[in-house]
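Here is a short report on how two chains meet in one model. Keep the structure in view as you read.

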There are 2 protein chains.
Amino acid sequence: LTVADRSRAALDQLRPRVSGDLREVDLSDPARVHELAREHDLVVGAVPASMGFATLRAVLEAGRHAVDISFLEQDALALDDLARSKGVVAVVDAGVSPGLSNLILGHVQSVGQVSRYTCYVGGLPEDRSGLLQYKAPFSPADVIEVYTRPARYKENGEVVTAPALVGIEELDVPGVGVLEGFVTDGLRTLLAEESIPEMRELTLRYPGHAAQMRLLNELGLFDTDPLEVDGATVSPRALTAQLLFPHWEFAPGEPDLTVLRVEVDVVAEGQVERHVYEMVDRYDEVTGTSSMGRTTGYTCTAVVRLVAGGHYAAVGVSPPERVGRAAGCFDRIVADLAERGVVLRHSVEPISAGEET
Amino acid sequence: LTVADRSRAALDQLRPRVSGDLREVDLSDPARVHELAREHDLVVGAVPASMGFATLRAVLEAGRHAVDISFLEQDALALDDLARSKGVVAVVDAGVSPGLSNLILGHVQSVGQVSRYTCYVGGLPEDRSGLLQYKAPFSPADVIEVYTRPARYKENGEVVTAPALVGIEELDVPGVGVLEGFVTDGLRTLLAEESIPEMRELTLRYPGHAAQMRLLNELGLFDTDPLEVDGATVSPRALTAQLLFPHWEFAPGEPDLTVLRVEVDVVAEGQVERHVYEMVDRYDEVTGTSSMGRTTGYTCTAVVRLVAGGHYAAVGVSPPERVGRAAGCFDRIVADLAERGVVLRHSVEPISAGEET
């Protein structure tokens, strides 16, 4: 096992916890990625979204299997031909959502025709006091993207685009309380699932947060176009981020939690059934591992075990829904997660056609 | 009558409506103010808050009566000796609040010992749609001051300071609906009323606005200290104001409204009585006069008539509560306002000591 990062300080933090080689490498250079990949059988990509595509390409060009959680900015399927030509397996978006949510959908698709898919997902601080009732468990710049990018979802078989942060609905999560969900642009590869007419991803926050972010967004405080202010030229988003990010930082050892609820309506034997998968995961006090780290990392390593063990061997670039559709894969991932205390509860409720709409 | 302003465009706008001399004068030069004052018997000061004190001093040095609505940044009572030495009458803060609210308090003080004073006041757009449900009927920079300055009020005889925009309470205003009020630093000269143990001024907005402004304030977006952002130096408030002010602008002819509710508890003959004064004033469609202009301007000109007619002749600088205490003055002002359609409704309700606290 080799862990590579540009930052020596980041590697030093890992040293007591990782038995393997820790290497200082500038991964923004694809030649270095290629070189490093050649030394290994499988590469996990966990780099900033903007670097994700070039990194994955370098790994595939080196002819190595890849599992990625970089939330690539570009469409990973554009690398499908490359992966096929090298005869390697690449699974992208292998985190929570995208990731686990896609695996669930793929798995349920083996039960019958899916008529509706709804994914609620959020990473939150346990402590909801504070001005924003929120802290960012991953890149805060990416969180601003979530709040500004128009949301794409599917309605009546059509892809619909809505402004960010509108259409807020409530979700009562046992053990957590009432959260608010708003549609975000997180379906990614799922938008291509032509057979499913209704699909939405909603991001979860403590109630009130969306209105705050909507205010900042609609005032233009998240705009990236530079503005002239008293003779100086400044990006409103850069200034806002500078003031916002300190509020979004978890204190060392501060507990977070991750909520995932996926509802998949399936038509089976003429009946509509709703498959509900629920997960509430919390910070691990013993190892000091964040819940976002646990749920993203353990899903990713469960996929790594599938690929490394030859249980998932579809050559090419696979989104996780494809992995979920492959026989036995989903159950292995769920068992792997459960072993690490990440529990996905499954229930099925019959619903009438009236209720469904 | 002479109207003086630095801006020819502003004077030109007045020309069809004012029978008098319109003069282009730079009033930031006290020598020019002094000169102009010498030509007249009484001067109304309606300049930016930052220019108010120097302008009033120039008028008093010229030995002329003054009525001011500039919301002076400095303490006008520091000019009391000057006004006395010149034998002239100066009434400051002669608008709505400060202004009419102080006149009401002064008037009720003649009934008995005041134990509590609460003033609710707000200028709002009639149309509450829009991101902020608010438009600024006066200087938007002064509105930001209202949202940022710590609030001072009196509790148990002590002056208490609280952060801006906290302690929101609801007020149901007949004909307007439920508004929210939050304590603001608007008591000014009233803080010196030693005999009244409980005093608060609350600013009124449509519900939700205070939380929005509190967010901007607590994030630091109203801070005036310059921040370095990507190499440029910028005041967060300057940037925020640039994005905020277009939202706060009334469209030409857009109706505003002004709400004032003053509650004064009086101990009279061993009983506690609550005197309530209520005003809801609206935009004048016929003359195109804003409600904020009507209520501020007509209170001011009512005071001008008192002074010019010799009905209020107390030499020195008077805050309006002092005018309210002078026999007959309040009734004249109320009648003057009513003639112009600004109606102040008065009611008295007996309250028990228990209810009062």
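Chain A and chain B bury about 2100 Å² between them, and 79% of that area is on carbon and sulfur atoms. Buried area is the accessible area (1.4 Å probe) that two parts lose on being put together, summed over both. This is a predicted model: local features need pLDDT of at least 70, side-chain atom pairs count only at pLDDT 80 or more, and totals for chains, interfaces and linings use all residues. Residues are numbered from 1 along each chain as its sequence is written, chains are lettered from A and ligands numbered from 1 in the order in which they are written, and side-chain values use heavy atoms, with hydrogens and water left out.

**The interface**

Salt bridges between chain A and chain B number zero. A salt bridge is a side-chain nitrogen of Lys or Arg within 4 Å of a carboxyl oxygen of Asp or Glu. The contact (heavy atoms within 4.5 Å) takes 24 residues from chain A and 24 residues from chain B.

Which element gives the most to the side of chain A that touches chain B? α8(A) does, with eight residues. Helices (H or I, at least four residues) and strands (E, at least two) are DSSP runs, numbered from the N terminus. The residues on this side of chain A divide into 15 nonpolar, six polar and three charged. Here Ala, Val, Leu, Ile, Met, Phe, Trp, Tyr, Cys and Pro count as nonpolar, Asp, Glu, Lys and Arg as charged, and the others, Gly among them, as polar.

**Two helices meet**

α7(A) packs on α7(B) at an angle of about 80°, with their axes 10 Å apart. Axes are lines fitted to C-alpha atoms, for helices over the stretch in contact, and angles run from 0 to 180 degrees between N-to-C directions. The two helices, α7(A) and α7(B), are therefore roughly perpendicular (65 to 115 degrees). Gln212, Leu215, Leu216 and Leu219 of each chain meet there.

**Within the chains**

Over all chains the count comes to 54 salt bridges. One joins the side chains of Lys135(A) and Glu254(A) (2.9 Å, N to O). Lys135(A) lies in the loop between β6 and α6 of chain A and Glu254(A) in the loop between α8 and β14, so the pair ties together parts 119 residues apart in sequence.

| Cis peptide bond | Omega |
|---|---|
| Ser97(A) to Pro98(A) | near 5° |
| Ser97(B) to Pro98(B) | near 5° |

Pro98(A) sits in the loop between β5 and α5 of chain A.

Definitions and conventions:
Angles under 35 degrees count as roughly parallel, over 145 as roughly antiparallel, 65 to 115 as roughly perpendicular and the rest as oblique.
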